[in-house]
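Dear colleague,

Here is the structure you will be working with. My notes on it follow below.

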Amino acid sequence: MPELPEVEVVRRGLERWVAGRTVAGVEVLHPRAVRRHPAGGADFAARLTGQRFAPARRRGKYLWVPLAGTGTSVLGHLGMSGQLLVQPETAPDEKHLRIRIRFDDAAGTELRFVDQRTFGGLSLHDTAPDSADGLPDVIGHIARDPLDPAFDDAAFQAALRLRRTTIKRALLDQSLISGVGNIYADEALWRARLHYDRPTATLTRPRSAELLGHVRDVMNAALAAGGTSFDSLYVNVNGESGYFDRSLDAYGREDEPCRRCGTPMRRRAWMNRSSYFCPRCQRPPRVSP
């Protein structure tokens, strides 16, 4: 599942290649791609045609493109394999092309939503009431992400200590902090030398501030590398893969030596996922939360 860095890479691409362009026509080629738009594909296409795209925006893992002057946005849900690609109009259709958006200019490119597993999709939503950020109403409950200038570090640290949970569960709680997924949680916890099952109530303010700093460092490093791609399913709008997977210190490194102490890394099943950690640098907690 794409996390904040991967979604931000796509957002930047959309901002560069489609902002300011007016939609000339829309083809919905698979009904599941608009299943979050209850009125259906024909309504989605009709309402989008003639609208002008404003610069794309993001909160955490959520991406949307406001329609200029309407109070409505196109919300993109990438799911496990969704791709938003800016392609030449003459390029052959991808095997799993689900939605095509054409523009009324002479740039010669179009926006395509491609999704092999059809877990993702596009939908139209009104802006949440009183949202200064133009947030679509269906994601109004999502917390700010750690790269957002308005993120409140002190409020996050206070909320963290009040939660009766463990640190990795807290990092993946999108109502507390958004954009952090399994990969970058493991990376930040490795850098902070914290075990994923450490109770949040045991974290001091300096320790939680240190962890938050590592979360930001990991995400900024991943952004600089174009995100993390383990296969061809995550790409930017030009179809290019990121390469941060070459720099991962924890995730996916079971039985490989810890880059800090040399101890073989371990993997444990965790909430239908996997957690990767160093048993020496990230010792398990002595007490349960």
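Thr72 sits in strand β4, residues 72-77 (strands are DSSP E runs of at least two residues, helices H or I runs of at least four, both numbered from the N terminus). With 11% relative accessibility, Thr72 counts as buried (buried is under 20% relative accessible area, exposed over 50%, partly exposed in between, with a 1.4 Å probe and protein chains only). Leaving out residues up to four places away in sequence, Thr72 touches Arg47, Pro66, Leu67, Leu124, His125, Asp126 and Thr127; contact means heavy atoms within 4.5 Å.

This is a predicted model, in which local features need pLDDT of at least 70 and side-chain atom pairs count only at pLDDT 80 or more, while totals for chains, interfaces and linings use all residues. Residues are numbered from 1 along each chain as its sequence is written, and side-chain values use heavy atoms, with hydrogens and water left out.

The unreviewed UniProt entry lists His96, Arg117 and Arg163 under "binding site"; its positions are given in the numbering used here, feature names are shortened, and annotations may be inferred rather than shown by experiment. These residues are spread over 68 residues of sequence and, in space, up to 42.0 Å between C-alpha atoms.

His96 lies in the loop between β5 (82-88) and β6 (97-103). His96 is partly exposed, at 23% relative accessible area, and its contacts beyond four places in sequence are Phe113, Val114, Asp115 and Gln116. Arg117 is in the loop between β7 (109-115) and β8 (121-126) and is also partly exposed, at 36%.

Regards
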